[in-house]
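User: Could you take a close look at one part of this model for me, the sheet and what surrounds it? I'd enjoy a connected walk through it.

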Amino acid sequence: MTDISCPTCRTDEHLTGEPNEGLIRLTCSACGLTWDRDPSPRCRRCDSTDVVAVPQAAWDKARGSQLSVSYITVVHLCPHCDTDLLRRQRQTNSPLPPDVNPAASEG
Ligand SMILES: [Zn+2]
Ligand SMILES: [Zn+2]
């Protein structure tokens, strides 16, 4: 598999991978990102396998009410269904904002 690259720094030369419960755990030694790669990701909406891995910030489960974006996860966007999101991510070249602010649903 040579089509894997780091979602944040785009390198494909500093990656190590090891099997992890059906996924592949990848570590980028260039930027320190660790993520699980689904060997066969699919679009949630159209079931296409033609998806692109992009980084997404994730909220830490904070103590108290303070939230911080403390780690990066990887999501798969579909060029057909997530066109705007994908374009925005490409333009900014920074992680997508988290989907849900967990504080918003609490009291
Ligand atoms: Zn990297
Ligand atoms: Zn789709």
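Predicted model: local features only at pLDDT ≥ 70, side-chain atom pairs only at ≥ 80, totals over all residues.

Analyst: Happy to. Residues are numbered from 1 along each chain as its sequence is written, and chains are lettered from A and ligands numbered from 1 in the order in which they are written.

Now the strands around that pair. Helices (H or I, at least four residues) and strands (E, at least two) are DSSP runs, numbered from the N terminus. Two strands pair if DSSP finds at least two bridges between them; E2 and E3 do so over four bridges, in the antiparallel sense. They belong to an open sheet of three strands with antiparallel pairing, in the order E1-E2-E3. E1 and E3 are the edge strands, each pairing on one side only. On average, neighbouring strands of this sheet are turned by 25° against each other, direction ignored (axes are lines fitted to C-alpha atoms, for helices over the stretch in contact, and angles run from 0 to 180 degrees between N-to-C directions).

Next, the loops. Glutamate 21 sits in the loop between strand E1 (15-20) and strand E2 (23-28). Its phi is positive, near 55°, in a residue other than glycine. Is glutamate 21 buried or exposed? A residue is buried if 20 or more other C-beta atoms lie within 10 Å of its own, exposed if 12 or fewer, and partly exposed in between, with C-beta atoms placed from the backbone. Glutamate 21 has 7 other C-beta atoms within 10 Å, so it is exposed.

Aspartate 47 is found in the loop between strand E3 (34-37) and strand E4 (52-59). Phi is positive for aspartate 47 too, near 65°, and aspartate 47 counts as exposed because it has 8 C-beta neighbours inside 10 Å.

Not counting residues up to four places away in sequence, leucine 85 touches Leu77 and Leu96; contact means that the C-beta atoms, placed from the backbone, lie within 7 Å. After H1 comes asparagine 93, with a positive phi near 55°.

Conventions: Contact = placed C-beta atoms within 7 Å.
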